[in-house]
Protein chains: 4
Amino acid sequence: MATLGVGVAGVGEMGRRHVENLRRSVPNARLVAVADVNSAHAARVAGELGIEHSFAGLEAMTERSDVDAVVIATPDKLHAEGIRIAAAAGKDIFCEKPLATNLEDAHAALAAVQRAGVRLQIGFMRRYDPAYLAAKKQIEDGDVGEPVLIKSIGRDKDPPPMAFYEAGLNGMLFYNNTIHDFDLVRWLLRDEVVEVHAYTTVAIHPRIAHYGDVVAALVNLKFARGAIGNIESYIQATYGYDVRTEIVGSRGSIFVGSLQQRPVTLFDARGSLRPVADQFLTRFADAYLAEMQDFVETMLGDRPPQVTAEDGLRALEIAVAAEESHRSSKPCAVEAGARPEAIGTGPAHLR
Amino acid sequence: MATLGVGVAGVGEMGRRHVENLRRSVPNARLVAVADVNSAHAARVAGELGIEHSFAGLEAMTERSDVDAVVIATPDKLHAEGIRIAAAAGKDIFCEKPLATNLEDAHAALAAVQRAGVRLQIGFMRRYDPAYLAAKKQIEDGDVGEPVLIKSIGRDKDPPPMAFYEAGLNGMLFYNNTIHDFDLVRWLLRDEVVEVHAYTTVAIHPRIAHYGDVVAALVNLKFARGAIGNIESYIQATYGYDVRTEIVGSRGSIFVGSLQQRPVTLFDARGSLRPVADQFLTRFADAYLAEMQDFVETMLGDRPPQVTAEDGLRALEIAVAAEESHRSSKPCAVEAGARPEAIGTGPAHLR
Amino acid sequence: MATLGVGVAGVGEMGRRHVENLRRSVPNARLVAVADVNSAHAARVAGELGIEHSFAGLEAMTERSDVDAVVIATPDKLHAEGIRIAAAAGKDIFCEKPLATNLEDAHAALAAVQRAGVRLQIGFMRRYDPAYLAAKKQIEDGDVGEPVLIKSIGRDKDPPPMAFYEAGLNGMLFYNNTIHDFDLVRWLLRDEVVEVHAYTTVAIHPRIAHYGDVVAALVNLKFARGAIGNIESYIQATYGYDVRTEIVGSRGSIFVGSLQQRPVTLFDARGSLRPVADQFLTRFADAYLAEMQDFVETMLGDRPPQVTAEDGLRALEIAVAAEESHRSSKPCAVEAGARPEAIGTGPAHLR
Amino acid sequence: MATLGVGVAGVGEMGRRHVENLRRSVPNARLVAVADVNSAHAARVAGELGIEHSFAGLEAMTERSDVDAVVIATPDKLHAEGIRIAAAAGKDIFCEKPLATNLEDAHAALAAVQRAGVRLQIGFMRRYDPAYLAAKKQIEDGDVGEPVLIKSIGRDKDPPPMAFYEAGLNGMLFYNNTIHDFDLVRWLLRDEVVEVHAYTTVAIHPRIAHYGDVVAALVNLKFARGAIGNIESYIQATYGYDVRTEIVGSRGSIFVGSLQQRPVTLFDARGSLRPVADQFLTRFADAYLAEMQDFVETMLGDRPPQVTAEDGLRALEIAVAAEESHRSSKPCAVEAGARPEAIGTGPAHLR
């Protein structure tokens, strides 16, 4: 059976998970190389996991002809540039969310993808989570009737270290965190967000405002077909990593999400202690694996990706509107540009 | 021991519950009379429950000198007028929420209360619910640290019949339903809402728009001290009456609410079937009783009420701003009028 | 409306709850007197709750002609004697479980009841719990099909103080605690237990063995119609008062019970903290009230009681067999004596 | 890196899962061959999964020198014979539970293992389940204090087809199902069961009695160090595959198990519908994979297995005692034979 030669760019927490999955649990992937701006770290990861090559940058890695496809897990602000480099080298691409942290970068990256005729999949891994997949199927089966409301919560256990903000390499809360929910609501409802209104707060960490970021946000959503929604993002829940979604319709409602990591609870004189999921890599372990398996099979199978460049762009447009509302204190229309359906989905005959 | 002579005005679903509680489970109340514009219905209720007198209106009922206090459970739009009548007759007053359905009516009612020097308690019964009381105590104890987010959901199982809208006697969703949450967030956070933004929808029942009402609303909230919030109201959840609140802070979070009515679940080949609470009288049965017991003891004890005219007015001001935002599609400041602390709390020496 | 004159014998924790319920929440009861071997305590309780008379013993209290019925909440070993005294005085009787702590006492008490023609209700309050009532109805409706298994758990939070054992006034675990489940399984399945097998342990408190008691027991049950069951009792669960029951059938299963006292949960860095019910008076508050209301209405209504002398005797027979199995380490048949249906149910024409 | 050549005997439901795991998700295993008495089925499975060789029997398969280890997933009654054949061929062995369906077969199999000096791991996969592992750790950490009670439930959704009983290839309920719990309680408590008492029923399927089997059982357990326990097994729960365990101690309690398969729930007018796990391959998917990964690593690493021949024998001895109690209606001592610690754990220097 043919295998796909893969190189991973960026081997921080997220990239390393992709590396481990590709190395151990995606039999049809050949993990050829890793790259990281910290080349010593790249070499160490390569050594630990038995990967032959390591590089200090994506550009060098893409020169290898046995690298068929590239996984980009660099900081948010470097995603668009990574896509341009990989596309220029003719590689198929898996890029972590967000596609970019502004629309100009996004369009430049998509233009490069289009010119090169390569394929691009965006890392919205929740679409691969068994619970969200079950919810999606129930909605499509008509179990909720007509959707009226969609609510989503994304809470991190602990805020990032201050150095994270100082480095300025990641987008603000809307680009780094809420973007998952922006994609989720589009996907679950098969509908588009046309306007948003955001309230944000920095109350418990005013310093974060200096870096243009916030600690919590509530984004009200208006959809094209009449539904409304609200998304919460928060960085300091303390009790765990908490991702939950409710789809509320004319006939029924679906709740996705659970605080409990494993079905085991300790009861004692203090009360009940249950292991809450602590972070995304734990809660979405299955999803990250399924996502990478699908990416490899899709690339080997000459099929267009399931999570497309357009999905990446649409979610970004909502995030941009949310940031504008946060700044202007007014509702803000989501400016949808021209439809890029044809971009990053491979040769026309595949679609 | 002294007892309080009580008359109840309006013996629909809500009023009848107050009548039953006063008759059966508030030993220090003497339920003297009931009144209803449907005088035959008032007479029937009086007969069933062994109440001596029934009237076609509040005015006649307040002429009785053995009626010390009046419970007003008439339609929303008649609350303010009921307060004026009862105050003019010198009776202490328990009035169901909302205080009024517009600010003019509210101020006129409060002026009458002030002139008469009577006391006024507003029917925000959630403040008497054991779960919300426990949450309140935990917040005051510092268990959540500084509140950052507050979310509240209020879903009814089935929409009211069309006749309800045609009669036009109740305020729109914000006055009839969301007002509970407007009060709740003020009470739980000891903070004031300064601005709101609302999205609403009538998508699944466009006819309701003809009556100025909506089927669902999401109201974003901005608080004076930096917290933000979101409230959802919906009239057709189908699966039950669902009231839940989350208070999310810098140190911990509190979740209030449970879908399960009783701790019994049937499992069979269809799955698990649990008895979800079907409506407010079931979910808040304990709260409605505790509220009425407190009202009677407060009036007998010459103490100021715990849920005050000011509470009624503040919640109404938020509802008015939410309606304005719904109409203008813009965020709307909450215009807080002069502080009416002194109104409806009885003689000055009591405060 | 006629009212029932009631006297309560034994005003410890349980008796005091009956006193409070009768005084505050059973409008058709006139609580005339309380009695306790600690006469100062009886006088204090009477004073606190505005009860006119207090006595040092049941006998004196039953001399009052305005006492129509007696509630017996004395220590377990005194129940049978209390029944004999009250019956001899011609009073209707509510007696806490167990009916007696041995069969000889039980038969003597029932003979006295029969001679006097008075009525006797046994305090199996779980039959009045809304969740257990819902389960009972679902079983009767056929939702579980044919019952195959019944499991019940009764765990106390903390063991009684050593003085409780030294006083020797209560029956061992089977009579004091497990007896609730012995009644419950008969009632829920409408079936009789024909044989039991018990394992017990004193491992964590060997001293308790000196008093003939145990800290935990598991009783296997065989029913007449083919079902089997298991009951657990334990005195030191530490995390709360935990009563749960599962009825498992050919078509479905029903789970009754919940650890959570109120629908409020605190989440913080330690995990989730939920208020577990701490003891029987909390978990079964509604049931105790409904039980006493039913007793008063039944006595006023000249109806036979719903929880009968036979129910008390049957549960006791199972407890006696369980104790025998505990001693002999063998399964033990439940020796059902002659049917006492006619005892304690009032005049024949009522049945 | 060295890989382990593996052959799987028996490719029914269970064996096929092992085949899939070895083929797809255990990188250090080379799945060389499958064998099944239905040789056409073996060939089909081999074809579907890209396995080179298939055989009609274990004996032929073990002739291959590239088969280093054998996985036995044949019907229960053939396990012991399979072990003898594989041991005689000098192969290391993974055998599904039970080790055998009677003690004679078990001892013969272990003698063959000892003669051959091969290693033997028994398929008690619950020991690899994340929730049970977390519980085990909490017990070892002292979180429950001294264990007093252990309760375990194992319910299958639907009974096996009648042909299953007619074929007579599997042991009765105690050997096929309850044996998991017999192992679990030993492992969790680090204690031995010294006596059992069993009640069983065939009430809803009397025909099963013709085959010496039962539809439900409750087994009371007495442990060497003073704890007591109860295990329930049932074959027709209808609502799902339900495995739960409670360890109740002097300081705290641990509950393991959850009915919910995925964190998604549909609510509609019928109530709440949650996807209950339907069978063992779903509930224990992670455990089956971890078990096979551990087996392969253990064999490659020249370490003794973690789930030993002794574990298989001890659980079987409890099952034999339970069956004897079921037949005699008396408690039955567990006859522990000589300690076979040295059997199946590889060369002495490894231990």
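This is a guided tour of the contacts inside chain A and between the chains of a predicted model.

**Before you start**

Residues are numbered from 1 along each chain as its sequence is written, chains are lettered from A and ligands numbered from 1 in the order in which they are written. Because the model is predicted, local features need pLDDT of at least 70 and side-chain atom pairs count only at pLDDT 80 or more, while totals for chains, interfaces and linings use all residues; side-chain values use heavy atoms, with hydrogens and water left out.

**Stop 1: the two domains of chain A**

Select 4-126 + 287-307 of chain A for domain 1, then 127-280 for domain 2. These bounds come from an automatic or database domain assignment. Give each domain its own colour, and you will find their C-alpha centres 26 Å apart. Where they touch, 21 residues of domain 1 of chain A meet 20 residues of domain 2 of chain A, contact meaning heavy atoms within 4.5 Å.

Between them, domain 1 of chain A and domain 2 of chain A bury about 1,900 Å², with 57% of it on carbon and sulfur atoms. Buried area is the accessible area (1.4 Å probe) that two parts lose on being put together, summed over both.

Next, zoom in on A:Asp181 and A:Arg126, whose side chains form a salt bridge at 3.0 Å, N to O. The rule for a salt bridge asks for a side-chain nitrogen of Lys or Arg within 4 Å of a carboxyl oxygen of Asp or Glu, and it finds one across this domain interface. The interface also has 15 residue pairs in polar contact, both at pLDDT 80 or more. A polar contact is a pair of N or O atoms within 3.5 Å; within protein, one must be able to donate a hydrogen and the other to accept it, and residues adjacent in sequence count only if both atoms are side-chain atoms.

Now show helix H1 (13-25) and helix H10 (285-300) of chain A: each supplies at least two residues of the side of domain 1 that touches domain 2. Helices (H or I, at least four residues) and strands (E, at least two) are DSSP runs, numbered from the N terminus. H10(A) gives the largest share of that side, five residues.

**Stop 2: chain B against chain A**

Bring in chain B. Here 45 residues from chain B are in contact with 45 residues from chain A, and the two chains bury about 3,400 Å² between them, 60% of it on carbon and sulfur atoms. Pick out B:Tyr199, B:Leu218 and B:Ile228, which supply 19% of the area that chain B buries against chain A, more than any other three residues.

How many salt bridges does the rule find across the interface of chain B and chain A? There are six. One to display joins the side chains of A:Arg155 and B:Glu246, at 2.7 Å from N to O. Polar contacts between chain B and chain A come to 23 residue pairs, both at pLDDT 80 or more.

The largest share, seven residues, comes from E9(B). By class, the side of chain B that touches chain A has 20 nonpolar, 14 polar and eleven charged residues.

**Stop 3: chain B against chain C**

Chain B superposes on chain C by a rotation of 180° with 0.1 Å of shift along its axis, at RMSD 0.0 Å. To finish, centre on B:Ser25: of the residues of chain B, B:Ser25 comes closest to the rotation axis, at 2.8 Å (C-alpha).

Conventions
Nonpolar A, V, L, I, M, F, W, Y, C, P; charged D, E, K, R; others polar. Least-squares fit on C-alpha atoms with pLDDT ≥ 70 in both.
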